[in-house]
Amino acid sequence: MSRFFAAGSSDSDSSSSEEEFSDSEQSSQDESGSDSGSDSGDSDSDSDDSDAPKAKGNRFLAGADSDDSDDESDDGKKIVKSAKDKRLEEIESSVHIIENAQKINDWVTISSEFDKLNKLAEKAKAAHNLPKVYISTIYTLETESNDALKASKTKKLNPSNTRALNGLKQRIKKNNRTYESEIARYVANPDYEDEVPVSVAAATKTKDSAAPSSFQKAPSNAKAAADLEEDDGFATVGKGGKVLEYSPESIFKHLQAVFEARGKKNTNKEEQLNVLARLKEVAQTPYQTIRVLLATIAARFDFQVNLSQYMPVEAWKRAQAEVIELITLLENEREYTVLEEAPEQDDEAAQPVPSPETPVVQVRGSIVSYIDRLDDELTRALQNIDPHSQDYIDRLRDESALYTTIVRAQIYLETNGEKNIARLVTRRLEHLYYKSVQLIAATEANTYENLPANVNSQITPRNDDVPLIKRLAMYLYKNGSGLQRTRAMLCNIYSLALADYFHEARDMLLMSHLQDTIHNADIQTQILHNRTMVQLGLSAFRNGLVVEAQQALSEICGGNRAKELLAQGPSKNNRDAEQERLDKSRQLPFHLHLNIELSECVYLTSSMFMEIPEMARGSKRVISRQFRRTLDFSERQIFSGPPENTRDYIMQAAKALASGDWEKSYSSLAAIKILELMPNVDAIREMLKQKVRVEALRTYLFTYAPFYQSVALSQLTSLFDLTKVETMTIVSKMIALEEINASLSSDDLSVIFQRTETTRLQTQAMQLAEKAQRLVEANEQALDIKTPQNQRDGQRDGDNRPRRNQNYGGNRGGRRQDFQRLSQKIRA
C-alpha cells in the first residue's frame, strides 16, 4: 500500500517505501537528538495527527497541496539536451527519412535530404564530432545510387526521379572524396565506436582543480608532466586511464602491443599509426628505426582488406615514401639488413648490435612483399578509377615513382644476399614490356636522375649496349621459376613484335613451344599470351605478311570474345557474383589496353586477301568463319548504304575485289580511319595497294579462266597496274602450285589455258576428297582436346613423325595437304 494512503496511528502499518523514504532524513534527526529526547511526547502526538487524513485543498490556489507529490515532480521535470545530442537527433531523423525514401525509390526526397544531411554533418565536423551514422549513410547511398542507375536501364524511372538520381550520383561522388579515410575505416570495421576526445587538464590550471579527475590520472613522473605541458594539457591515455609513455626503452613493448592488436575486430588502425609515428620519433638506434618502419608499412596496408576497393591515395603515397626511407636507411647503415629468412627477434633480450662475431645484424622482414603490395594497390586503383577522368591521369603519374622504388629496391637486394630478386625483376619487366624503345629510354633516364650517383645495378648496368628488356629476360631465364621464365619469354616476344622484329619474335615463340603448355599456366599468364599473339599479328601485318597476321589473330579475333580473352571487358557468360568479382580483379588498367577495333580491322583485311581468291576458285575450304558470316550478312542486305564503320569499309572492299575492281577496293581500304593509329601509315597503305593488285589478279584468273583459251600478259599488266615481271611471277607461281590448269607460251607473252571437262566420276572423287579433308580436320581437333598434354609431349620427344600445330598459326598436319593435292590431281 502506498504511504500516501496509509490510515491509523500504528507504525507497523507503514510500508517499506516509507522506511526507505525516512532513511534520507536519518542524519538530520541524529543531529537534533537532544531536542527529540525532550519533546518526545509532542512528536508522538504530531505523528498521530499526521497519520490522520487531511482535507483536500484547492489545487488551483497558490501554495495549495496537490494530491500526489509524484505527479508534481513528473510534471515539473525538464529534459536538457546538449548541442551534440541535438545535432545527432537531427542527423538520425534525416537518415530515417532517406531510408524510407529508398524503399519507394523516391530520389527527389533523397536528394533534398542529402543536402540537409551534409549541412548537419559540416556542423558536426566543425565540432570534431562526426557520427558514424553519417559515414554509413553516405557509403550506402553511393552503392544504392549505382545499383539504381543499373536497374534504370531495364526499368525506367519517371523524369523527375531520373534527374534527381543523376544529379545525386555526382554530388555523392564529390562528397565522398572528402571522407575517403572515414569510409575506408567504416568498410574495414563497421562496428567501430564513435570516439570522444579525452582532455587532461593540468593540476594547476584552476583553483578548483584540486579534486581528482574521474577519467585521468595525474602524470607519474617529470617526463610525462613535460609532455603534457608541450601538448597544452592533452595526453594520450590507454586502458584504465593511464598516460602512455613513449621512450626508447618501451619501443618494443609498444610494438608487441601493436602486433597483438592487428586483425582484431575493434582495433583503431589510425591510433596504431599514431603510436608508431611516436615510436619513430623516440627511436635512437638504427635497429629500432628499422623495426618501427617495418611495422608502420605493414600497418599502412591493413587499411584495405576488401578486394573490391583500393587503398586511399594518401595512404599509398605515405607507404611508398616509408619504403624509400627504409631502403635509404639500410643503404646508409650497412651493418643492418632486412631478409625474409632472418631469425625471429627476441624483444625481451638485449638489442642486437654489430660485433666481430656478427658483423651484420639481420632483421626479419620482406622488402619484396612491400613492393608487390604497392604495385598491386596501384593496379587496383587504376582498375576502379574512371579512365576518362583527370583522377586516372593523376594516379598514373605515380607509376614513375613506383618504378623508381622497384629499381632502387632491386639494386639494394643485389648486395644483401636476398634470394627473391627475380620477383622484383619480373615486376620491373612488366612495367616496361608494353612500351616503345624511346619510352623505355626516357623512363630509365628519369629513374636514374632520382637515384644517387653512386647507385648502380649489376643486373642492368647503366649505359648498357644490350636492350633492357632482353637483359631482364635473360636474368629471369637463368634465375627465375618456371612461371617467371614463361612470363619473361612472353614479355620479350611482345617487345620484339612491338618494335617490328616479327621474324625474331616468331622464331622465339616457336622454339619455346609455349603453344603446347600455355593452357596449364595461370589465368594472368594466359592473358599475357593472348596479348602477345595480338601484337605478333599486328607486327606481321605491318611487315606485309597477311597470312601470318591472319593466323596469329584467328584465335583472338575469330570469335566474339576478344575483350574477355584480353582482360579488357567482362565475360558475357552468366556466372555467379564471386566469379564476376574475380573477373573484375583480373581486368587490365586502361593504359594497357590493346585497340580491339584495330586488331579486328587487321584480321578482317587479312582474311579478305585469303578468302576472296579461295571463293573465286570454287573451293569449299573456309579460312575465316567470322569473315564469311560478315560477308554473307552484308550481301543479304536489300539496301547497302555508304559505309559507316570499319566492317562496312572492308566488306565494300571485298565485294570490289571479288569483281576485279582493285582501284575501288583499295580506295575503300584507304578510307579506314583506324589505320592511322599504326606507325608508318603511308608505308602500310602502299603495302595494301600492292596486295590488292596481286589478289585481284589471282581472283580474276580464278574467275575467268574457264572462259579464256589464252590471255596476253601485257593485258593483265595493264588491267592491274603491275610490272611484267610481277605479273609473270604471280602467274608462274599459280601454275606451279596447280591452282590453275595453264602454261606459259614459248615467248612468255601469254598464258594458255587448258580446258578439260571433268567427268562425273572425277567430280564425285573431288567431293569425296573434300569431305575426307573436313573429317580429318574434325578428328584432329577432337584429338587435341582429348589427348593429355604429357602424351603429346612424349610423342613429340619419342618419334620423328610430323606434329600437329607445327607453326603458331594453328595449321594442321600433312593429311589435309595430302587431300588437297589429291583433289588437284583429280581436277587435272
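Is Cys601 buried or exposed? Cys601 is buried, at a relative accessible area of 1%; buried means under 20% relative accessible area, exposed over 50%, and partly exposed in between (1.4 Å probe, protein chains only). The model is predicted: local features need pLDDT of at least 70, side-chain atom pairs count only at pLDDT 80 or more, and totals for chains, interfaces and linings use all residues. Residues are numbered from 1 along each chain as its sequence is written, and side-chain values use heavy atoms, with hydrogens and water left out.

Cys491 is also buried, with a relative accessible area of 0%. The disulfide count is zero, where a disulfide is a pair of cysteine sulfur atoms within 2.5 Å.

The chain has 828 residues, and 39% of them count as buried. Its accessible surface comes to about 47600 Å² (Shrake-Rupley method, 1.4 Å probe; for residues, only the protein chains shown count as cover). Carbon and sulfur atoms hold 50% of that surface. The secondary structure comprises 38 helices and five strands. These are DSSP runs numbered from the N terminus (helices: H or I, at least four residues; strands: E, at least two). Among contacts (heavy atoms within 4.5 Å) with a separation of 6 or more, 67% link residues 24 or more positions apart.

Three strands form an open sheet in the order E3-E5-E4, with antiparallel pairing. Two strands pair if DSSP finds at least two bridges between them. E3 and E4 stand at the edges with a single partner strand each, so one side of each lacks a neighbour in the sheet. Neighbouring strands are turned by 20° against each other on average, direction ignored. Axes are lines fitted to C-alpha atoms, for helices over the stretch in contact, and angles run from 0 to 180 degrees between N-to-C directions.

Strand E3 (residues 710-712) is joined to E5 (residues 750-753) by three bridges. Ser710 stands opposite Ile752 in E5. Three bridges also join E4 (residues 742-744) to E5. Here Ser743 stands opposite Ile752, and Leu744 stands opposite Val751. Helix H35 (residues 724-736) packs on the sheet and touches E4 and E5. The direction of H35 makes about 140° with that of E4. E4 and E5 form a hairpin with five residues between them. In the turn, Asp748 has a positive phi of about 55°.

Ser495 lies in helix H22 (residues 482-498). Ser495 counts as buried because its relative accessibility is 15%. Not counting residues up to four places away in sequence, Ser495 touches Tyr433 and Ile469.
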